[in-house]
Amino acid sequence: MARGRWAVRVLHADVLVIGGGAAGCSAAITLRELDEDLDVVVVEKAHVERSGCLAAGINAINAYLNPGETPESFTEYVKRDSAGLIREDLVYSVARGLNEAAERLEGWGVPFVKDSHGRYLPRGKRSVWVRGEKIKPLMARALIYSGARVLNRVNMTNYLLAGGRVIGACGFSVREPKFYVILAKAVICATGGAAGIYRPNNEGPCRHKLWYPPFNTGAGYAMGIRAGAEMTTFEMRFIALRVKDVMSPTGALAQGARAAQINGRGERYLENYPDPSTPMRLYATVMENRQGRGPCFLDTTTLDPALSRRLKEAYLDMSPGILLKWADEGVEPHERPVEICGSEPYVVGGHGQAGYWVDIKRRTSLPGLFAAGDVAGGAPKKYVTGCMVEGKLAAEAAWQAIRSGDGARPMPEELLRRNIERELQWVMAPLEAETGFTADELEERLQKIMDEYAGGISCHYELCRHKLLLARDYLVQLRRDLARAKARNLYELLRVHEVIDRVYVARVLVEHLLHREETRWRCYQERVDFPHRDDENWLKFVNSRYDPVTDVVRIIERDYKELGESHEH
Amino acid sequence: MSIKIDRERCNGCGLAEEALCERICPGNLLFRGEDGRAAIRDARDCWGCAACVKECPQQAIHMYLPMQIGGRGSTLTARKKGHEILWTLRRPDGSEELFRIINERPEAVVNHTGAGGS
Ligand SMILES: Cc1cc2nc3c(=O)[nH]c(=O)nc-3n(C[C@H](O)[C@H](O)[C@H](O)COP(=O)(O)OP(=O)(O)OC[C@H]3O[C@@H](n4cnc5c(N)ncnc54)[C@H](O)[C@@H]3O)c2cc1C
Ligand code: SF4
Ligand code: SF4
């Protein structure tokens, strides 16, 4: 596919939103509500109807303030669960908007389960049940009705910068030879987190049976890294405790049906571990297995059999594969405990807190660029509603910036033309290579390095300096080998760019893991050479900036701040 | 986890420029082959989200578990109907279990702001 056949489309918009998931849809709709003259373009690599995390649906709103909970108590909970290190300002601002976001979803048509007072039915303290199989199509409908322009099937690859300011972004169509350049006064990044960095639980025919979508490959992180944006807390990876093999979430069983975690001897093993935080529930499971007391289960056998059917319905709304597991095993959910395991590590700011370093308005360190949702850092446990709140906050700030005249100055034609030409050449290069590495080969290499040297499943998530140093060396080499990637068609080109982005994310991740010399989060960041939590020296943020010219990741430490004090750029 | 496309049932969505399954897959995995029927680029790359299973008007797509993780022939198919979704779980012995689940509030009203989208 020769470069000459590519058509270049240059579009202009007031605001460009990259990624049409929970955060992106919320941002675009908010912008159009604020000002119906605003020209908003949403670019999505798949189709907004069923893209990203929400493709299969959801069965609970995981972040919601039930009666008795307040934004303060929510922030306190997230802080406790995250070993005391969070951006309190960000988490608090998320908490304040959670319930409104849930009501918004209901307004768009998502059916909530209600109690006899007409209130949302709690599933846990901070969650409510929902019949959310169709959440994504309903969100997409609201997006279309808002009047935002939607460009589906366009995969964004890099920002366009002028004088250090983000003035737009480039990408390619995954269906036809078209290259897009979108110039905007403000850009909101909402591309979700990154899966596929580590070797996954299953191989071969099930290699994509992940919990997090294998199609969220950290593009937004990588674009920011390559543009020199400041990133935060990549070292707080997220590792999910999931149903073995099918990788279905466990919330409906553990929280909804109150199934206890038991080991191979039938003991409730969590009682033997110091605290009941999310990482500890995972760590305990890993340890029980290592010490010969595995396998571990969620004990569904104490359930009322009548609940079995309700559970199956809840899973159909979010992760239908587990029904096949029960059917193939010839059991009902209450007849056999459900085996659980840890997933491969993900980089995802909506569960952990890896992502762009943003201020309270969700402005990144690059002027003109905002970030929201799983791609934004510092605020764990956002989930759907929290991501929507961040989309809204980013939209409000972008609109304010545009109104105050803080828009991009146009780039001189000639410079723009040269920039586009350079980006086009870089994006296309794998199509022109006659020989080289396929996306699969590069991905397998990346996943092997990360699994074996940077705390993957095969080493029980454990990290140590010497292995991380090897990971660093191998990743530097792999990054160079990316220049030898080859693709035969647009789909393979997409796959190649997905791997390229993940390699950049992995490089930054390894530097963060190396820098934090303590163990703050069990499993997520388990430094066996520094096995204790050290608040005296490490109650602070590890941030970084990448320099593309020298290929070096520079670490920056930032102080912890209590609620009421804000971080500014 | 993966899907299988029944080539007898698939009608390629007629003359539609983009088939419904092709449009919906979050991983860009589905396409129509030279015979006009739907196919998956690489079955290993399916996430198992079931979006295509729900979308196909011919119920030509079903979900199953590969043998590696214990698959023994159970299948899931789905059909959209008004504000509900109907699922059929078929077990290896041929027995079926049906589910009918609400997925949209019938009374939902969506705000119109601005002109329609593109
Ligand atoms: C399996 C699963 C189940 C979950 N269940 C629940 C639940 O029950 N309750 C709950 O509250 N939360 C749940 N969550 C969490 C919640 O879904 C996410 O936190 C939330 O959707 C993240 O929103 P986001 O907008 O950041 O990312 P997403 O919603 O994933 O959106 C990111 C979008 O960006 C697009 N994109 C990525 N790269 C590019 C690129 N280069 N160019 C253009 N577009 C791009 C993607 O295709 C995607 O559409 C679940 C998550 C998963 C994975
Ligand atoms: S949606 Fe169904 S009928 Fe249409 S092309 Fe896909 S499999 Fe065939
Ligand atoms: S189940 Fe989901 S990921 Fe798999 S082919 Fe269908 S739409 Fe694509």
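I began at the end of a helix in chain A: just after α2(A), Ala83(A) adopts a positive phi of about 55 degrees. I note here that the model is a predicted one.

**Entry 1: helix α2 of chain A**

I next looked up burial along this helix, which spans residues 71–81. The buried residues are Pro71(A), Phe74(A), Thr75(A), Tyr77(A), Val78(A), Lys79(A) and Asp81(A). I recorded that two charged residues, Lys79(A) and Asp81(A), are in this buried set. I then asked which helices of chain A are included in what covers the buried residues of α2(A). Among the covering elements I found α3 (88–107) and α7 (278–290).

**Entry 2: extent of the interface between chain B and chain A**

I turned to the two chains together. On the side of chain B, 61 residues are in contact with 68 residues of chain A. The two chains bury about 5,500 Å² between them, and carbon and sulfur atoms carry 55% of that area. Which three residues supply more than any other three of the area that chain B buries against chain A? They are Asn28(B), Arg44(B) and Trp47(B), with 15% of that area.

**Entry 3: polar and charged pairs across the interface**

I found 13 salt bridges between chain B and chain A. I inspected the pair Arg23(B) and Glu49(A), whose side chains form a salt bridge at 3.8 Å, N to O.

I then listed the elements of chain B that give two or more residues to the side touching chain A: the helices α1 (20–24) and α2 (51–55), and the strands β4 (61–64), β5 (75–81), β6 (84–90) and β7 (96–102). The most comes from β7(B), which gives five residues. By class, this side of chain B divides into 30 nonpolar, 18 polar and 13 charged residues.

I looked up what surrounds ligand 2 and found residues of chain B, including Cys10(B), Cys13(B), Cys21(B) and Cys56(B). Also in this shell are Asn11(B), Gly12(B), Ala19(B), Ala38(B), Pro57(B), Gln58(B) and Ile61(B). I counted eight nonpolar, three polar and no charged residues around ligand 2.

For ligand 3, I recorded Cys25(B), Cys46(B), Cys49(B) and Cys52(B) among the surrounding residues. The shell also includes Ile3(B), Pro26(B), Ile40(B), Trp47(B), Gly48(B), Ala50(B) and Ala51(B). How many residues of each class does the shell around ligand 3 have? I found ten nonpolar, one polar and no charged.

Terms used: Residues are numbered from 1 along each chain as its sequence is written. Chains are lettered from A and ligands numbered from 1 in the order in which they are written. This is a predicted model: local features need pLDDT of at least 70, side-chain atom pairs count only at pLDDT 80 or more; totals for chains, interfaces and linings use all residues. Side-chain values use heavy atoms; hydrogens and water are left out. A residue is near a molecule or strand if one of its heavy atoms lies within 4 Å of it. Buried means under 20% relative accessible area, exposed over 50%, partly exposed in between (1.4 Å probe, protein chains only). Helices (H or I, at least four residues) and strands (E, at least two) are DSSP runs, numbered from the N terminus. Contact means heavy atoms within 4.5 Å. Buried area is the accessible area (1.4 Å probe) that two parts lose on being put together, summed over both. A salt bridge is a side-chain nitrogen of Lys or Arg within 4 Å of a carboxyl oxygen of Asp or Glu.
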